[in-house]
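Please keep the 3D view open as you read.

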Amino acid sequence: MNILITGSNGQLGNEMRVLSKQHANHQYFFTDVVAAEDVHILDITDRKAVADFITKNAIDLIVNCAAYTNVDKAEDDEATAFKINADALTVLGSQSIRVIHVSTDYVFSGNEHTPCRETDPVAPRTAYGRTKYAGEKNLLAVCPEAVILRTAWLYSTYGNNFVKTMIRLGQEREELGVVFDQIGTPTYAADLAQAIFTVIENPVWHSGIYHFTNEGVCSWYDFTIAIHELAGIRTCNVRPILSEEYQYKTPRPHYSVLDKTKFKKTYGVEIPHWMDGLKRCIAKL
Ligand SMILES: NC(=O)c1ccc[n+]([C@@H]2O[C@H](COP(=O)([O-])OP(=O)(O)OC[C@H]3O[C@@H](n4cnc5c(N)ncnc54)[C@H](OP(=O)(O)O)[C@@H]3O)[C@@H](O)[C@H]2O)c1
């Protein structure tokens, strides 16, 4: 197959580039808004550019890793976030080819007490969440056979993320307050990329929405303790604090654990625990 990967300079896009080397049976076209080594320029909001690229390169499948991911900035500029996270999904979905798209736990309210299933009602509380949910709806309206993977708490050796920030702050500071009343599942982008290849290589195409994160749950505080432990940081005292002690610009979900039963049953796979993913990521950093 000829596979178009959008957002290739991002965390997930980079992990797709790494993993694609183990799947040399396909030809890959890596793209993003900024050119890089082996990455061509393609703005997913540009309808003509997308259509021309797909025709010229006889693309069979789109894996959309592109997104507007800055949750706080999206509050001030929802229009731009909407263009990339929602409008562009109509563009990508209208090309008469298969699409794998990535969405987020932020489509839910974050006030749940049990892991969210794909069929649970959504109630996004942020501009980012609203734009991502609109993107899901736009995509399914024009491409009902699409596969959408909702994920959460993504980190990688690439880009800026919580793991890298906590390592830096742990090295700079003697004390750090981290919230312990927000519960979720850290997800190594390399494991999400593996899940995407599971979908691609499966002999049967199963359209629909799926939840995918690593296994297990923790708070950001527990996650930070694990990061510092694995990174060998011993000089920083990490304190558990409440969300109300941290000045968040945007409301954060208190509980946003995703139930992955549907993905595991459909594809017959086991998913690594978040600690396992974290160990592999830190070993690479
Ligand atoms: N990060 C998380 O914690 C998290 C959690 C849940 C779900 N997700 C979802 O997971 C997916 C991957 O996230 P990620 O963390 O890998 O994102 P990321 O690192 O922010 O990468 C997204 C990439 O898309 C590019 N992009 C932005 N606008 C574009 C456009 N118009 N056309 C083409 N490319 C464009 C970005 O470029 P610029 O950087 O130059 O804008 C960036 O290189 C996204 O769908 C995201 O919503 C992420």
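H8 and H10 cross in a right-handed way. In this predicted model, the axes of helix H8 (residues 220-231) and helix H10 (residues 274-284) come within 10 Å and cross at roughly 40 degrees. Angles under 35 degrees would count as roughly parallel, and H8 and H10 are therefore oblique to each other. On the H8 side, the contact is made by Ala226, Ile227, Leu230 and Ala231, and on the H10 side by Met275, Leu278, Lys279 and Ile282. Sorted by class, this contact of H8 with H10 holds seven nonpolar residues, one charged residue and no polar ones.

Now turn to H1 and helix H7 (residues 189-201), whose axes lie 8 Å apart at an angle of about 60 degrees. That makes H1 oblique to H7, and the crossing of the pair is right-handed. From H1, Gln11, Leu12, Glu15, Met16 and Leu19 meet H7 residues that include Ala189, Leu192, Ile196 and Phe197. The contact of H1 with H7 divides into nine nonpolar, two polar and one charged residues.

Here are the two pairs together:

| Helix pair | Axes | Angle |
|---|---|---|
| H8 and H10 | within 10 Å | roughly 40 degrees |
| H1 and H7 | 8 Å apart | about 60 degrees |

Which helix gives the most to the shell around the ligand? That is H1, with three residues. Helix H1 (11-20) and strand E5 (98-104) each supply at least two residues of this shell. Of the 27 residues around the ligand, Gly7, Gly10, Gln11, Ala66 and Ala67 come nearest. By class, the shell has 13 nonpolar, 11 polar and three charged residues.

How values were computed. Residues are numbered from 1 along each chain as its sequence is written. This is a predicted model: local features need pLDDT of at least 70, side-chain atom pairs count only at pLDDT 80 or more; totals for chains, interfaces and linings use all residues. A residue is near a molecule or strand if its C-beta atom, placed from the backbone, lies within 6 Å of it. Helices (H or I, at least four residues) and strands (E, at least two) are DSSP runs, numbered from the N terminus. Ala, Val, Leu, Ile, Met, Phe, Trp, Tyr, Cys and Pro count as nonpolar, Asp, Glu, Lys and Arg as charged, and the others, Gly among them, as polar. Axes are lines fitted to C-alpha atoms, for helices over the stretch in contact, and angles run from 0 to 180 degrees between N-to-C directions. Angles under 35 degrees count as roughly parallel, over 145 as roughly antiparallel, 65 to 115 as roughly perpendicular and the rest as oblique. A crossing is left-handed if the near helix is turned anticlockwise from the far one by less than a right angle, and right-handed if clockwise. Two residues are in contact if their C-beta atoms, placed from the backbone, lie within 7 Å.
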